[in-house]
Amino acid sequence: MVISMRMAGMMGLTPQSPGEPFRMVAEKHAAASESMFAMAHAASRGASADRVMSAALVPYSRRTRANSRRLTRKS
């Protein structure tokens, strides 16, 4: 859903704030960094491989939910 909304904004089909493309790229770096930290933290505590991978997805899930709320909010 978030990808569709952002693509529509980049194609000019829906209104988009001028900083949205930059924000999209910048938050990828932050989410990747948080993900690596979460993986390292889980692994250092002796978590199983599936728990380590689940920990890695949490930052992306949190940001995706926040983006969905923000992009669907009425201006």
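Okay, let's start with one side chain: Arg62 comes out partly exposed, because its relative accessible area is 41%. For the cut-offs, buried is under 20% relative accessible area, exposed is over 50%, and partly exposed is in between, with a 1.4 Å probe and protein chains only. Keep in mind that this is a predicted model, where local features need pLDDT of at least 70, side-chain atom pairs count only at pLDDT 80 or more, and totals for chains, interfaces and linings use all residues. Residues are numbered from 1 along each chain as its sequence is written, and side-chain values use heavy atoms, with hydrogens and water left out.

So who does Arg62 pair with? That's Glu34, in a salt bridge whose closest N and O atoms are 2.9 Å apart. By salt bridge I mean a side-chain nitrogen of Lys or Arg within 4 Å of a carboxyl oxygen of Asp or Glu. Glu34 sits in helix α2 and Arg62 in helix α3, so this pair ties together parts that are 28 residues apart in sequence. Glu34 is also partly exposed, because its relative accessible area is 28%.

Let me step back to the overall layout. The chain has 3 helices and 0 strands, running α-α-α from the N terminus on. Those are DSSP runs numbered from the N terminus: H or I with at least four residues for helices, E with at least two for strands. The C-alpha trace spans about 45 × 20 × 20 Å along its principal axes. The radius of gyration is 15 Å, whereas a compact globule of 75 residues would be near 11 Å. That radius is taken over C-alpha atoms, and the globule rule is 2.2 Å times the number of residues to the power 0.38.

What share of the 75 residues counts as buried? It's 24%. As for contacts, meaning heavy atoms within 4.5 Å, residues 24 or more positions apart account for 60% of those with a separation of 6 or more.

Back to the charges. There are 5 salt bridges in the structure, and Arg6, Glu20, Glu27 and Arg70 are linked in a network of them. Take Arg6 and Glu27: their closest N and O atoms are 2.8 Å apart. Arg6 is in helix α1 and Glu27 in helix α2 (residues 20-44), 21 residues apart, so to speak a link between distant parts of the chain. Arg6 counts as buried because its relative accessibility is 4%, and Glu27 is buried too, at 10%.

Then there's Arg70 with Glu20, where the closest N and O atoms are 2.9 Å apart. Arg70 lies in helix α3 (residues 49-72) and Glu20 in helix α2, so the pair ties together parts that are 50 residues apart in sequence. Arg70 is buried at 17% relative accessible area, and Glu20 is buried at 4%.

Last stop, the surface. The chain's accessible surface comes to about 5,600 Å², and 65% of that belongs to carbon and sulfur atoms. These areas use the Shrake-Rupley method with a 1.4 Å probe, and for residues only the protein chains shown count as cover.

Which residues make the nonpolar surface patch? Ile3, Met7, Met10, Met11 and Leu13, covering about 570 Å². Patches take residues with over 30% relative accessible area and no salt bridge, joining like charges within 9 Å and nonpolar side chains (Val, Leu, Ile, Met, Phe, Trp, Tyr) within 5 Å. Met10 is in helix α1 (residues 2-10), and it counts as partly exposed because its relative accessibility is 43%.
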